[in-house]
Amino acid sequence: MRRGALSVCVAAWFAVLAAPGAAPSTVAATGSALTARDNSLIAAVNAERALTLLPKLRLDYRLTHAARAHSLDMLRRDYFGHGNFVGRMSRFHVRGAMFAENLAWGSGVMSAGSVLAHWISSPTHRAILLDPHLHRIGVATPIGAFDGFSRATMVTADFAG
């Protein structure tokens with residue numbers, strides 16, 4: 001039986017942590033390579049945005065590092081939740097006027113299509129995906145033991161505008 005969950009407390013909007021409009025800084029490629037699952041999820045999110053004539057989200061490596069750290073922490077510590085989202089954005093020096101996060105997990109390997117289908121069916125998750133004020137994305141989709149399953153995909157998608 002496939003199990004999974006979506007985050008219940010999804011939307012996290014916060015005041016400016018740094019200068020609004022500051023351009024994201026890219027991080028050296030070392031340790032920041034995206035997996036095929038990560039790339040597929042970003043492509044799926046951007047395809048959904050295109051259906052509503054919204055621009056594509058740009059990849060932001062600071063958001064990617066924050067998302068990866070959070071997904072790995074949830075796998076290591078066996079919990080599912082947003083945690084200290086504001087602190088994480090600050091720790092990874094993410095800049096912007098607003099931030100949001102979508103989470104998901106499922107047993108086995110989750111496809112981008114299944115993650116997106118869950119998010120689109122949830123009004124709160126959908127609102128984040130289609131928010132015209134969000135311009136950047138970072139995702140992580142690591143696989144590890146979680147909640148009694150030997151293989152589970154832990155998805156974090158962080159957004160900034």
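Predicted model: local features only at pLDDT ≥ 70, side-chain atom pairs only at ≥ 80, totals over all residues.

Me: Why is Trp105 called buried?
Reply: Buried means under 20% relative accessible area, exposed over 50%, partly exposed in between (1.4 Å probe, protein chains only). Trp105 has 4%, so it is buried.

Me: Why does Phe149 count as partly exposed?
Reply: Its relative accessibility is 22%, so the partly exposed class applies.

Me: What makes the pair of Trp105 and Phe146 edge-to-face?
Reply: Rings of Phe, Tyr and Trp (its six-membered ring) pair if their centres lie within 6.5 Å; planes under 30 degrees apart count as stacked, over 60 as edge-to-face and the rest as tilted. Here the centres are 4.8 Å apart and the planes stand at 75°, so the pair is edge-to-face. Trp105 also pairs with Phe149, tilted, at 6.0 Å and 55°.

Me: How do you know that the span of helix H2 agrees with expectation?
Reply: Helices (H or I, at least four residues) and strands (E, at least two) are DSSP runs, numbered from the N terminus. The expected span is 1.5 Å times one less than the number of residues. For the 17 residues of H2 (residues 61-77) that gives 24 Å; the end C-alpha atoms lie 24 Å apart, so the two agree.

Me: Why is strand E3 described as largely enclosed?
Reply: In E3 (residues 99-107), 9 of the 9 residues are buried, so the rest of the structure largely encloses it.

Terms used: Residues numbered from 1 in each chain as written. Heavy atoms only, no water.
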